[in-house]
Amino acid sequence: MNPPQTINMAKKVIDLDGLKVKTNDQSFVQNQYIHKSLEDYGWDEEFLDNMLYVAEECPKHEWMKDPEILNNLGIVFTEGVCVDIDMERGIGYFEKAIQKDDDLARINLADIYREGRNGIPQDYRRAYKLYRQCGLPYAHFRVGEAFELGHGVDVELPQAKRFYRLAYSEGYPLAIEKLKTFNFLED
């Protein structure tokens, strides 16, 4: 069983020299093997019921145009939040949110492909492409990791260092930890 991993939920976008970066103000623990409670996501039962009702009964409702709601529905179905896991349906919601340029949906879908989860085969190339399109520190770290390990791309240590440095400069904790084993600050 994989240990739980902390995922940060972004709420605010800032411009960092032309790079769209989202700042984090909420986090929860992700573990693909357990059903989490609603509180783990910052939701209550009424909110979940409303999301599921709109998804089922009112597909043209304005909520179904909201990338955050679509991403939330992706989480609901791929992680089995008070419902049975339905990877196909959840991935469909992530893809709709990505069409609306939602970076959290990109990360959530990329993580599924990077890990290979609940019957979805591991696909490093697809994960890399999704992370590469994302402007969040977590994604920058994962792109660096892909270049370091050759996950979905050729091993290119200069590129790995570039993306690790970016994640490090954004204060991403795994990049700070990575510096202990891989000095990416020096060329």
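Biologist: Which residues of the largest nonpolar core touch the most other members?

Modeller: In this predicted model, the largest nonpolar core has 52 residues. Helices α1 (45–57), α2, α3, α4, α5, α6 and α7 (157–169) each supply at least two residues of this core. The residues that touch the most other members are W43, L73 and V76.

Biologist: Which helix gives the most to this core?

Modeller: In soluble globular proteins, nonpolar side chains tend to be buried together. Among the helices that each supply at least two residues are α1, α2 and α3. With 7 residues, the helix that gives the most is α4.

Biologist: With which residues is W43 in contact, leaving aside its neighbours within four places in sequence?

Modeller: W43 is one of the residues that touch the most other members of the core. Once neighbours within four places in sequence are left aside, the contacts of W43 are L38, M51, N72, I75, V76 and V81.

Biologist: How are α2 and α3 oriented, roughly parallel or roughly antiparallel?

Modeller: The axes of α2 and α3 are 7 Å apart, and the angle between these helices is about 160 degrees. Angles over 145 degrees count as roughly antiparallel. Therefore α2 and α3 are roughly antiparallel.

Biologist: Which residues of α3 meet α2?

Modeller: The crossing of the two helices α2 and α3 is left-handed. On the α2 side, the residues are P67, L70, N71, L73, G74, I75, F77 and T78. Those of α3 are M87, R89, G90, I91, Y93, F94, K96 and A97.

Biologist: Is I91 buried or exposed?

Modeller: I91 lies in helix α3. Leaving aside neighbours within four places in sequence, I91 is in contact with T78, L109, I112, Y113 and I120. Its relative accessible area is 9%, and because buried means under 20%, I91 is buried.

Biologist: Is C82 buried or exposed?

Modeller: C82 is in the loop between α2 (67–79) and α3 (87–99). Apart from neighbours within four places in sequence, C82 is in contact with L38 and L48. Its relative accessible area is 52%, and because exposed means over 50%, C82 is exposed.

Biologist: How far apart in space are C82 and E45, C-alpha to C-alpha?

Modeller: Along the sequence, C82 and E45 are 37 residues apart. In space, their C-alpha to C-alpha separation is 9.4 Å.

Biologist: Where do the buried residues of α5 fall, seen down the axis of the helix?

Modeller: The buried residues of α5 (residues 124–132) are A127, Y128, L130 and Y131. Seen down the axis, they fall within an arc of 165 degrees, so they line one face of the helix.

Biologist: What covers the buried residues of α5?

Modeller: An α-helix has 3.6 residues a turn, so residues three or four places apart point the same way. For α5, the buried residues include A127 and Y131. Their cover includes α3, α4 (103–115) and α6 (137–149).

Biologist: In which kind of crossing does α6 pass α7?

Modeller: The helices α6 and α7 pack at about 160 degrees, with axes 7 Å apart. That makes α6 roughly antiparallel to α7. The contact includes F141 and E148 of α6 and F163 and Y164 of α7. The crossing is left-handed.

Biologist: Does E148 count as buried or exposed?

Modeller: E148 lies in helix α6. Not counting residues up to four places away in sequence, E148 touches V155, L157, A160, Y164, K178 and F182. Because its relative accessibility is 18%, E148 counts as buried.

Terms used:
Residues numbered from 1 in each chain as written. Predicted model: local features only at pLDDT ≥ 70, side-chain atom pairs only at ≥ 80, totals over all residues. Heavy atoms only, no water. Helix = DSSP H or I, 4+ residues; strand = E, 2+ residues; numbered from the N terminus. Buried < 20%, exposed > 50% of the residue type's maximum accessible area, 1.4 Å probe, protein only. Contact = heavy atoms within 4.5 Å. Arc of directions from axis to C-beta. Core = buried A, V, L, I, M, F, W, Y, C linked by side-chain atoms within 4.5 Å. Axes fitted to C-alpha atoms, helices over the stretch in contact; angles between N-to-C directions. Parallel < 35°, antiparallel > 145°, perpendicular 65-115°, else oblique. Left-handed = near helix turned anticlockwise from the far one by under 90°.
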